[in-house]
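This report walks through selected features of one protein model. Please look over the sequence and the structure below before reading on.

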Amino acid sequence: MGSDGVRKPRLLCLHGFRTSGEILKTQLHKWPQSVLDNLDLVFVDAPFPCQGKSDVEGIFDPPYYEWFQFNKEFTEYTNFDECLKYIEDCMIKHGPIDGLLGFSQGAILSAALPGLQEKGVALTKVPKVKFVVIVGGAKFRSPSVVDKAYSSPISCPSLHFLGEMDFLKQYGMELLESCVEPVVIHHPKGHTIPRLDDKSVKTVMDFIERIKKDVSK
């Protein structure tokens, strides 16, 4: 519960490719405690041990995990259905989960899951995803996933972080076009979870207040 007696929004946090829940937890500690104290964050590791070199080797300690595997063009995915089932199991185990927070590969998943859930192809055993927080995200490219994930606009509240130097920025902008009234925070960094300046803190806190109303319904 928050200090106002309203239950804190609980987010399942999906880390980046070949990192871990513990690494994402560390990365999010860049955010002020005043923001983190208003959220109930649940960190899990992806289902598959990493099958190659991690970009965070030498920065963060192993073990590292990945949500699914993909080809160079990011149009074919391996273990994708297993990944969706695993996320659903995590939502049941740690429920009630209100929303998703994702970074990088976790952000691509988080943004697609509301649409996949609406189409009945994922998360069929858990309550509707009420909101998403997307850091360094993009859209899937496989036609079979695209047709289901984005055929209807993503109507739940969404908060997006776009880095000016992020190699995924262009794809993050494309994702915004699939969202209804997305809230966007621009930052000068690259593909990372950014620190929050005063303006960004206010934007995040306003978003939290908005989603708290959905959680308390």
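## Two cis prolines

Proline 63 sits in the loop that runs between strand 3 (48–49) and strand 4 (65–66). The model is a predicted one. In it, the peptide bond joining proline 62 and proline 63 is cis, with omega at about 10°.

A cis bond also leads from glycine 95 to proline 96, where omega is near 0°. Proline 96 belongs to the loop between helix 3 and strand 7 (99–103).

## Leucine 100 in strand 7

Strand 7 contains leucine 100. Leucine 100 has a relative accessible area of 0%, and because buried means under 20%, this residue counts as buried. Between leucine 100 and proline 63 there are 23 Å in space, C-alpha to C-alpha, and the two are 37 residues apart in sequence.

Which residues is leucine 100 in contact with, leaving aside its neighbours within four places in sequence? They are Leu11, Leu12, Ser110, Leu113, Val129, Phe131, Val132 and Val133.

Helix 3 covers residues 80–93, 14 residues in total. From its first C-alpha to its last it reaches 20 Å, close to the 20 Å expected at 1.5 Å a residue. Its buried residues are Phe80, Cys83, Leu84, Ile87, Glu88, Cys90 and Met91. These residues lie on the same side of helix 3, because they cover an arc of only 160° around the axis. An α-helix has 3.6 residues a turn, so residues three or four places apart point the same way.

The buried residues of helix 3 are covered by elements that include strand 1 (10–14), strand 6 (77–78), helix 4 (105–118) and helix 5 (143–149). On the face turned away from the buried side, helix 3 carries the exposed residues Asp81 and Lys93.

Glutamine 69 is part of strand 5 (residues 69–70). Is glutamine 69 buried or exposed? Its relative accessibility is 10%, so glutamine 69 counts as buried. The side chain of glutamine 69 makes a polar contact of 3.0 Å with the side chain of glutamate 66. Another polar contact, of 2.7 Å, links the side chains of glutamine 69 and asparagine 79. With neighbours within four places in sequence left aside, the residues in contact with glutamine 69 are Phe48, Gln51, Glu76, Tyr77, Thr78 and Asn79.

Asparagine 79 lies in the loop between strand 6 and helix 3. Although asparagine 79 is not a glycine, its phi is positive, at about 65°. Asparagine 79 counts as partly exposed, with a relative accessibility of 23%.

## Arginine 18

Positive phi is also found at arginine 18, which is not a glycine; the value there is about 55°. Arginine 18 is located in the loop between strand 1 and helix 1. With a relative accessible area of 16%, arginine 18 is buried.

## The largest pocket and helix 6

How many residues line the largest pocket? The lining is made of 33 residues, and those nearest the centre of the pocket are Phe17, Ser104, Phe167, Leu168 and His191. Helix 1 (21–28), helix 4 and helix 6 (169–176) are the elements that give two or more residues to this lining. The space in the largest pocket is about 850 Å³.

Helix 6 has the buried residues Gly172, Leu175 and Leu176. Seen down the axis of helix 6, these residues fall within an arc of 105°, so they line one face of the helix. Among the elements covering them are helix 4, strand 8 (131–135), strand 9 (158–163) and strand 10 (183–187).

## The cavity

Rolling a probe the size of a water molecule over the atoms shows where empty space is left. The structure has 1 cavity of 30 Å³ or more. The largest cavity holds about 50 Å³ of space.

Its lining consists of Leu11, Trp31, Leu39, Leu101, Val133, Leu159, Val204, Phe207, Ile208 and Ile211. Which element gives the largest share of the lining of the largest cavity? That share, 4 residues, comes from helix 7 (residues 198–215). Leu11 and Val133, both in this lining, are also among the contacts of leucine 100.

Technical notes
Residues are numbered from 1 along each chain as its sequence is written. This is a predicted model: local features need pLDDT of at least 70, side-chain atom pairs count only at pLDDT 80 or more; totals for chains, interfaces and linings use all residues. Side-chain values use heavy atoms; hydrogens and water are left out. The expected span of a helix is 1.5 Å times one less than its number of residues. Buried means under 20% relative accessible area, exposed over 50%, partly exposed in between (1.4 Å probe, protein chains only). The arc is that of the directions from the helix axis to the C-beta atoms. Contact means heavy atoms within 4.5 Å. A polar contact is a pair of N or O atoms within 3.5 Å; within protein, one must be able to donate a hydrogen and the other to accept it, and residues adjacent in sequence count only if both atoms are side-chain atoms. On a 1 Å grid over the protein atoms alone, a cavity is a set of points where a 1.4 Å probe fits but cannot get out, and a pocket is an open set with protein on both sides within 12 Å along at least five of seven lines; lining residues have an atom within 4 Å of a point. Grid points are joined across faces, edges and corners, and a volume is the space filled by probe spheres set on the points.
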